[in-house]
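Reader: I have a model to look over. Shall we take the fold, the pocket and a few residues in turn?

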Amino acid sequence: MTKTANRQRRIAVAMGLEAATLAVMAFLHLAGSLGGSLSSFSAPEAGLAEAVICLVLAYGATGLMKGRPRARAVAIAATVFAIAGFVVGLGETLRGGQPLDIAYHLTMLPLLALTLRALARRPERGTSTPV
């Protein structure tokens, strides 16, 4: 396995773990276990958004893991989508979510940013990976 492939697999695992946390939070919101303190916060809508972001991240991670053509570009797009979703979600949770929701968003945003940074790094010289 090349250094680039090994690096992509590690990033794919990180994305998979990020997607897994989203699956848990989506389940908790959709099951009604987590709600908001204000009527403007909708737990089912939050759960739906988390489920969509989970699927997008999982798709990006799967492509990286399998070494699909253009996998890196898809993974970057998936991570940017997730970051945008988390920024919107943080705004919503600050207006009416529970402290757990706020802490989750504040924890995941930097992790997603680190994932994006790792994805944005160019492969080392002498290795090739399709963008």
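Author: One definition before we start. Helices are DSSP runs of H or I with at least four residues, numbered from the N terminus. By that numbering, Ala120 is in helix H4. Keep in mind that this is a predicted model.

Reader: What share of the residues counts as buried?

Author: Buried means under 20% relative accessible area. The protein chain has 131 residues. Of these, the buried share is 36%.

Reader: What part of the accessible surface belongs to carbon and sulfur atoms?

Author: The accessible surface of the protein chain is about 7300 Å². The part that belongs to carbon and sulfur atoms is 67%.

Reader: Among contacts between residues at least 6 apart in sequence, what percentage joins residues at least 24 apart?

Author: Contact here means heavy atoms within 4.5 Å. Take the pairs at least 6 apart in sequence. Those joining residues at least 24 apart make up 70%.

Reader: Now the largest pocket. What is its volume, and which residues are closest to its centre?

Author: The volume of the largest pocket is about 350 Å³. Its lining has 21 residues. Closest to the centre are Glu45, Ala46, Ala49, Gly89 and Glu92.

Reader: Which helix gives the largest share of the lining of the largest pocket?

Author: Helices H1 (3–30), H2 (43–66), H3 (71–96) and H4 (99–120) each give two or more residues to the lining. The largest share is eight residues. Those eight come from H3.

Reader: How many residues of that lining are nonpolar, polar and charged?

Author: Gly counts as polar in this scheme. The lining of the largest pocket then divides into three charged, seven polar and 11 nonpolar residues.

Reader: On to single residues. Is Thr79 buried or exposed?

Author: Thr79 lies in helix H3. Leaving aside neighbours within four places in sequence, Thr79 is in contact with Met15, Leu57, Leu112, Thr115, Leu116 and Leu119. Its relative accessible area is 0%. The cut-off is under 20%, so Thr79 is buried.

Reader: How far is the C-alpha atom of Ala113 from that of Thr79?

Author: Ala113 lies in helix H4 and is partly exposed, at 39% relative accessible area. Ala113 and Thr79 are 34 residues apart in sequence. Their C-alpha atoms are separated by 8.2 Å.

Reader: And what is the C-alpha separation of Val56 and Thr79?

Author: Val56 is found in helix H2. Leaving aside neighbours within four places in sequence, Val56 is in contact with Ala78 and Phe81. Val56 and Thr79 are 23 residues apart along the chain. The C-alpha separation is 8.3 Å.

Reader: Why does Val56 count as partly exposed?

Author: Buried ends at 20% and exposed starts over 50%, with partly exposed in between. Val56 falls in that middle class because its relative accessibility is 28%.

Reader: Which backbone oxygen lies 3.0 Å from a polar side-chain atom of Thr93?

Author: Thr93 is in helix H3. Thr93 is buried, with a relative accessible area of 3%. A polar atom of its side chain lies 3.0 Å from the backbone oxygen of Leu90.

Reader: Which residues does Met25 touch, not counting those up to four places away in sequence?

Author: Met25 lies in helix H1 and counts as buried at 6% relative accessibility. The residues touched by Met25 are Leu34, Glu50, Asp101 and Tyr104.

Reader: What is phi of Arg70?

Author: Arg70 lies in the loop between H2 and H3. At 53% relative accessibility, Arg70 counts as exposed. Phi is positive here, in a residue other than glycine. The value is near 65°.

Reader: Back to Ala120. How far apart are the C-alpha atoms of Ala120 and Ala73?

Author: Ala120 counts as partly exposed, at 47% relative accessibility. Ala120 and Ala73 are 47 residues apart along the chain. Their C-alpha atoms are separated by 9.1 Å.

Methods:
Residues numbered from 1 in each chain as written. Predicted model: local features only at pLDDT ≥ 70, side-chain atom pairs only at ≥ 80, totals over all residues. Heavy atoms only, no water. Buried < 20%, exposed > 50% of the residue type's maximum accessible area, 1.4 Å probe, protein only. Areas by Shrake-Rupley, 256 points an atom, 1.4 Å probe, with all protein chains shown as cover. 1 Å grid on protein atoms, 1.4 Å probe; cavity = no way out; pocket = protein on both sides within 12 Å on 5 of 7 lines; lining within 4 Å. Points joined across faces, edges and corners; volume = space filled by probe spheres on them. Polar contact = N/O pair within 3.5 Å; in protein donor to acceptor, adjacent residues only side chain to side chain.
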